[in-house]
Amino acid sequence: MTPVRVLAVASEVYPIIKTGGLADVAGALPIALKAHGVEMRTLMPGYPDVMRLLSGAEEIRRWPDYFGGPGRLLAGARDGLDLFVLDVPHLYERPGNPYVTADGVDWPDNGVRFAALSRIAADIGHGLVPAFVPDVVHAHDWQAGLAPAYLHYDNRPRPGTVMTIHNMAYQGKFSRELVGSIGLPWDSFNVDGVEYFGGISFLKAGLQLADRITTVSPTYAREIQSDEGGMGFGGLLRERASVLSGILNGIDISVWNPHTDPHIAYRFSAEELPFRSANKAALQQRLGLDPRPDALLLGVISRLSWQKGLDLLLKAMPTILGDGMQLALLGSGDAELQDRYQGTARGHPGRIAAVIGYDEALAHLIQAGSDALLVPSRFEPCGLTQLCALRYGAVPIVSRVGGLADTVTDAATGFTFGPVTSENLSAALARASLAFHDKPAWRQLQLAGLATDVSWRNRAGEYATLYRDLVASRRTA
Ligand code: ADP
Ligand code: GLC
């Protein structure tokens, strides 16, 4: 196995900073890749949480003026991850969510903030850190999308580049004025470069200029080649179909392990599924739900955004209430959805519970204690909560899109429905309810879920193969 060195570039890395599944992937993949002979280091911005957790990191470069203020490149290790941190206080030393102000609007200088991240990634690609000269630079999502672009326009020998799409909906769009101020040549500003409808899109830059494109499930890789699923990039992706592939996400099975999970009331293994009932009782008690073992308890752990289809679940409420089910929802995001769920919970005490916020420990208890986990997304590049559910014996009920379609098999490991409408969701809930009241049938679903491989082991191998093929193809080119 020839060793390969890869620089990953990501704006979030679990357990250091996380707003969604991107962090989970960026935090777990480097560790899983070790077994495949891939040495990965990850470059991330020096947000306050990152600086706090990496207080002992070593300074390897310093600049008096990096995109308008002093900056440093640090190297450090944490939680089994080798990290480069770009510490530029005037860009990243801001509290809270990495992308938005306290009022929830995008920071006005996001273009510069993430151009700076990509610029340093390209420089590391060119050998800025002699101890780690990568064979491949792997950019995740729009925040890293300019890395392949800088490497392309620098016109020097360069490493191979991979762009991974975790979500087509976030495209990193800015006005054309940005181009000159972030050190891209003006000849990059055209349809074959970074230009997109008169402005610049960082995601487009990566999709157009990376050597390889991946996304996080085979079905999403197909969906984004359509005009609708491509959200503006369908044509580009159809043209680049020969270098586009889908590699399913896994989950970190040491973090998500019902046998050792410190956050749940009662730990269990596949042979001890009846013990899940203690977690169900604990969850009902914690959320003020009626202590009913016989009620089908549905769980939801989600960002509250249009993508996730949770407005459709509100419309399916008559089915949930009429059929005697319970609902435990944990989520945050869209203010209107938050209000509507809180209102529904107030109207149906003991039956519906909505916790608004981000709570990792509660997420684990919901996986261990709910009977079924719902993911009614309109689109879903991969989705991670249904993978955790499979491992925890919560039967997933999911829409048949993207990675949900690739990871849940209808009537075998869970229930799937499509097209994504509240009527079809209601019908899937009714089917699940029938199965739930047939104990052997339900146990069969749970056991089939528990037997599903949701780990990174084989999926990391697919990335390793991709990197090696890319390095080999560039050598012979
Ligand atoms: P996305 O990245 O689109 O938000 P994923 O399913 O890929 O969706 O990943 C979401 C991740 O965030 C999962 O690890 C899930 O457990 C976690 N998560 C989402 N919302 C919450 C919340 N409110 N509290 C705790 N964890 C959450
Ligand atoms: C995105 C997607 C989600 C995916 C995650 C990690 O946030 O919405 O489906 O699982 O990235 O790849």
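A residue is taken as near a molecule or strand if one of its heavy atoms lies within 4 Å of it. Of the 19 residues around ligand 1, G21, R303, K308, G357 and L384 come nearest. This is a predicted model, in which local features need pLDDT of at least 70 and side-chain atom pairs count only at pLDDT 80 or more, while totals for chains, interfaces and linings use all residues. Residues are numbered from 1 along each chain as its sequence is written, chains are lettered from A and ligands numbered from 1 in the order in which they are written, and side-chain values use heavy atoms, with hydrogens and water left out.

**Shell around ligand 1**

- Helix α1 (21-33) and strands β13 (297-304) and β14 (326-333) each supply at least two residues of the shell, and β13 gives the most, with three residues; helices (H or I, at least four residues) and strands (E, at least two) are DSSP runs, numbered from the N terminus.
- Domain 1 (4-250 + 457-476) and domain 2 (270-450) each contribute at least three residues to the shell, the domain bounds coming from an automatic or database domain assignment.

**Polar contacts of ligand 1**

- Polar contacts are pairs of N or O atoms within 3.5 Å; within protein, one must be able to donate a hydrogen and the other to accept it, and residues adjacent in sequence count only if both atoms are side-chain atoms.
- An oxygen atom of ligand 1 is 2.7 Å from an N or O atom in the side chain of R303, and an oxygen atom of the ligand is 2.9 Å from a polar backbone atom of L384.
- A nitrogen atom of ligand 1 lies 3.0 Å from a backbone N or O atom of D359.
- Taken alone, ligand 1 exposes 560 Å², of which the protein buries 92%, with accessible areas from the Shrake-Rupley method with a 1.4 Å probe and, for residues, only the protein chains shown counting as cover.

**Backbone features**

- The peptide bond from Y14 to P15 is cis, with omega near 5 degrees, and P15 is found in the loop between β1 (4-9) and α1.
- A cis peptide bond also runs from G418 to P419, with omega near -10 degrees, where P419 lies in the loop between β18 (415-417) and α17 (422-436).
- D141, in the loop between β6 (136-140) and α5 (146-153), has a positive phi near 60 degrees although it is a residue other than glycine.
- M231, in the loop between α8 (218-223) and α9 (234-239), likewise has a positive phi, near 50 degrees.
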